[in-house]
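Please examine the sequence and the model before turning to the points below.

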Amino acid sequence: MTDIRFVTADEAVSHIPSHCHIHLSSVASVPHCLIQALCRRADAGDITDLHFHHFHTEGPAPYSDPAYEGIFFEQGFFVGPNVRKNVNAGYADYLPVHLGETPKLYREGYVKLGAALVNVSLPDENGMVSLGTSVDCSVAAIDSAELVIGVVNPNVPFAYGDLIPLSKFDYLVQDDAPLVTAGFAEPTEVEKLIGKNCAALVEDGDCLQMGIGALPNALTGELQHHKNLGLHTEMFADGLLRLIKAGVINNACKKIDTGKVVSSFLLGSQEVYSFIDHNPDVLMRDIAYTNNPFIIAQNPHMKAINSAVEVDLTGQICADSIGTRLFSGTGGQVEFVRGATMSEGGKSITAFASRSAKGFSKIVPVLKEGAGVVTPRSDAHWVVTEYGAVDLYGRSCQERAKQLISIAHPEDRENLDRAAFERFGPHWHNFSI
C-alpha cells in the first residue's frame with residue numbers, strides 16, 4: 001500500500017466536470033465519501049447537471065434530494081426506499097432496464113459515462129482489487145467511464161470473481177466507513193406458509209435463485225432438510241447463508257461453476273460480508289453473467305423464486321409499481337424467469353401473500369391503471385400464496401383464472417369469481433379445470 005498514491009475525496013471529485021453521467025457502486029457498498037464531496041462542490045456552486053446511475057442504494061441519497069434540483073439528477077436502474085419518494089415526486093427518475101443488461105447501457109454508449117465512483121477492497125499481492133459486496137455493473141462502468149475513482153476501504157471484503165487491476169483507476173481515496181448492513185427479517189405466520197408451499201416445489205439437487213427479505217427467509221427455513229442444493233443468484237443474504245453453512249447448499253450438482261456460490265451483490269449482516277472475504281467457494285460476478293438467461297439455463301433444475309405486487313386473472317405479473325407509483329424496478333426477474341424455464345427440469349415460481357399489508361387482494365381482476373407488467377402472462381408459470389401453488393403454464397386464460405382464484409384469500413374469491421364471470425361470459429360457471 002505504501003507505493004499507492006492516495007488523494008482526498010475532495011481532490012478526486014474536483015476532476016468531475018459539470019454535465020456528467022456518474023456511476024455509483026451500489027447496495028451496501030456505496031462510496032458515500034465521494035458523494036459527500038460532490039455535495040460540498042454543489043453547495044459551493046462549483047458544479048451542475050450531474051446524472052447518477054446505479055442499482056438500489058443503501059444510506060443517504062442526496063443525489064435525489066429536491067435541495068439539489070438542477071444540480072443532481074438521479075436516474076437509477078432500480079428504485080429503493082431512499083429515493084422512492086423523490087422519484088415519484090419527479091425530483092429523480094427511474095431508467096427501466098433488466099439488471100443483466102445494465103452493463104450494455106455503458107459499454108454500447110446508451111449512457112455515456114463521464115465518471116465511475118466505486119468502493120473497492122485492499123489490493124492483493126498482484127495489485128488486484130475486488131468490488132466486494134457489489135460487483136453489479138461496475139466492471140462495465142470502470143471499463144467505459146472517462147474518469148474512474150476508487151475508494152479503497154478495508155471493510156470491503158476481497159471476493160473472488162471479477163477483479164480489477166489498480167491500473168484502471170485514475171484516482172484512489174482511502175476510507176474506512178463500515179458497509180451498510182441489514183438485519184435478518186423474521187417471517188410472519190403467513191410467510192411461513194408461503195415458504196412451505198414453495199419448498200414443496202424444490203427437490204434435492206436443485207439450483208436456487210431468490211432475493212432477500214422475510215419471504216425468502218421463510219423458504220430457507222423450510223429447506224433445512226434438503227440436500228445438495230446449488231445457488232446461482234443475483235443476490236443473497238443471511239437466510240441463504242444459513243443453508244450454506246449447514247451444508248444444504250453445497251453446489252455439488254451444478255453443471256457450471258460447480259462447487260461455487262455465484263452472485264453479483266449482497267445485502268445482509270456483517271457475517272455475510274465476512275463469509276465472502278477470500279472465500280474461494282464464492283464468485284462475485286458481473287451482473288451480465290449472473291443474470292444471463294443462457295448462463296442460468298445451463299444449470300439443470302433451476303428454481304427461480306421471485307415475488308409480485310399483484311397478479312391479474314390471466315397471469316400478468318406486476319412487480320415494480322403500485323399503479324403509476326414506482327416502487328422498485330424490473331430487477332432480474334424476467335431474466336431468471338426465462339433462465340429457469342429454459343433449464344432442464346427448471347421452474348419459475350412467483351410467491352406472495354394473497355393480501356397486501358392493507359388487506360387488499362393481490363390477485364386482481366385487472367392490474368391497476370398504470371401498473372407495470374414485469375413478467376408477461378406468457379412467461380407466468382408457478383404462482384404460490386399461503387393457500388397453495390398452481391402452475392399456469394399451458395393453461396388458457398379461463399383456466400388460469402380458476403386456478404388463481406383457488407389460491408386467493410377465501411374472502412376475496414367471490415368478488416374475483418364475479419369479475420371473471422363479467423369478463424369471460426355466461427359459460428364461466430360451467431367451465432371446470
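Which residues of helix H8 are buried? They are Asp238, Gly239, Leu240, Leu241, Leu243 and Ile244, where buried means under 20% relative accessible area, exposed over 50% and partly exposed in between (1.4 Å probe, protein chains only). The model is a predicted one, in which local features need pLDDT of at least 70 and side-chain atom pairs count only at pLDDT 80 or more, while totals for chains, interfaces and linings use all residues. Residues are numbered from 1 along each chain as its sequence is written, and side-chain values use heavy atoms, with hydrogens and water left out.

**Helix H8**

- Helix H8 (residues 238-245) is mostly covered, as six of its eight residues are buried; helices (H or I, at least four residues) and strands (E, at least two) are DSSP runs, numbered from the N terminus.
- The buried residues of H8 pack against helix H7 (214-222), strand E11 (230-231), strand E12 (235-236), strand E13 (261-263) and helix H9 (270-276).
- Gly247 follows H8 and has a positive phi, near 85°.

**The seven-stranded sheet**

- An open sheet with parallel pairing is formed by seven strands in the order E4-E3-E2-E1-E5-E7-E9; two strands pair if DSSP finds at least two bridges between them.
- Strand E4 (93-94) and strand E9 (171-174) are at the edges with a single partner strand each, so one side of each has no neighbour in the sheet.
- Two bridges join strand E3 (residues 72-76) to E4 in the parallel sense, and Gln75 has Asp93 in E4 as its bridge partner.

**The four-stranded sheet**

- Four strands make up an open sheet with mixed pairing, in the order E22-E17-E18-E23.
- Its edges are strand E22 (363-364) and strand E23 (373-375), each of which has a single partner strand, so one side of each is left without a neighbour in the sheet.
- Strand E17 (residues 310-312) pairs with strand E18 (residues 317-318) in the antiparallel sense over two bridges, and Glu310 stands opposite Cys318 in E18.
- Helix H12 (residues 333-342) lies across E18 and E23 and runs at about 35° to E23; axes are lines fitted to C-alpha atoms, for helices over the stretch in contact, and angles run from 0 to 180 degrees between N-to-C directions.

**Ala159**

- Ala159 lies in the loop between strand E7 (147-152) and strand E8 (163-165), and it is buried, with a relative accessible area of 2%.
- Apart from neighbours within four places in sequence, Ala159 is in contact (heavy atoms within 4.5 Å) with Ser130, Gly132, Ile276 and Met284.
- The C-alpha atoms of Ala159 and Ser121 are 8.6 Å apart, although 38 residues separate them along the chain.

**Aromatic rings**

- Rings of Phe, Tyr and Trp (its six-membered ring) pair if their centres lie within 6.5 Å, with planes under 30 degrees apart counted as stacked, over 60 as edge-to-face and the rest as tilted; the count comes to eight aromatic pairs.
- The ring centres of Phe77 and Tyr106 are 6.0 Å apart with planes at 55°, so this pair is tilted.
- Phe77 is in the loop between E3 and helix H3 (84-88), and Tyr106 is in helix H4 (residues 102-107), 29 residues apart; both are buried.
- For Phe424 and Trp428 the ring centres are 5.7 Å apart and the planes at 25°, so the pair is stacked.
- Trp428 is buried, at 0% relative accessibility.
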